[in-house]
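Welcome, and thanks for taking a look at this one with us.

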Amino acid sequence: MLARMERSTLARILTQATGVKGDAETWETEEGHRLTFYIGQAGQAMVVANVAKVRFDEGFVQLSRPGRDGDLFITYELVHGLSVVLPEEKSGRRAGFL
């Protein structure tokens with residue numbers, strides 16, 4: 001059985017994430033950085049990429065993605081994890097090469 005994500009755990013993760021700044025309620029990525037959230041339930045997963053802003057509220061989290069249609073509102077327990085996507089020049093990746 002998977003542990004459920006809690007608001008305090010998600011806040012601690014965002015505190016440690018490279019290129020993310022925020023306070024108790026709102027977290028934003030720095031220039032070129034983006035977050036990818038892994039959400040869903042056991043056996044069902046969905047990737048929410050290109051997240052630039054995260055806002056905490058009572059019982060739910062709001063994910064904002066620039067250039068996308070609207071925001072995504074989900075409960076904390078649907079979050080399984082997240083990753084930080086670094087700007088290409090900081091990630092060491094070159095186009096066409098792994």
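In which strand does N50 lie? N50 lies in strand 4, where a strand is a DSSP run of E with at least two residues, numbered from the N terminus. This is a predicted model, in which local features need pLDDT of at least 70, side-chain atom pairs count only at pLDDT 80 or more, and totals for chains, interfaces and linings use all residues. Residues are numbered from 1 along each chain as its sequence is written, and side-chain values use heavy atoms, leaving out hydrogens and water.

- An open sheet is formed by 3 strands in the order 4-3-8, with antiparallel pairing; two strands pair if DSSP finds at least two bridges between them.
- Strand 4 (44–51) and strand 8 (79–85) are the edge strands, each pairing on one side only.

**N50**
- N50 is not a glycine, yet its phi is positive, near 65°.
- N50 counts as partly exposed because its relative accessibility is 24%, between the cut-offs of under 20% for buried and over 50% for exposed (1.4 Å probe, protein chains only).

**S64**
- You will find S64 in strand 6 (residues 60–64).
- S64 counts as buried because its relative accessibility is 14%.
- Leaving aside residues up to four places away in sequence, S64 touches N50, V51, A52, K53 and D71, with contact meaning heavy atoms within 4.5 Å.

Technical notes. Helices (H or I, at least four residues) and strands (E, at least two) are DSSP runs, numbered from the N terminus.
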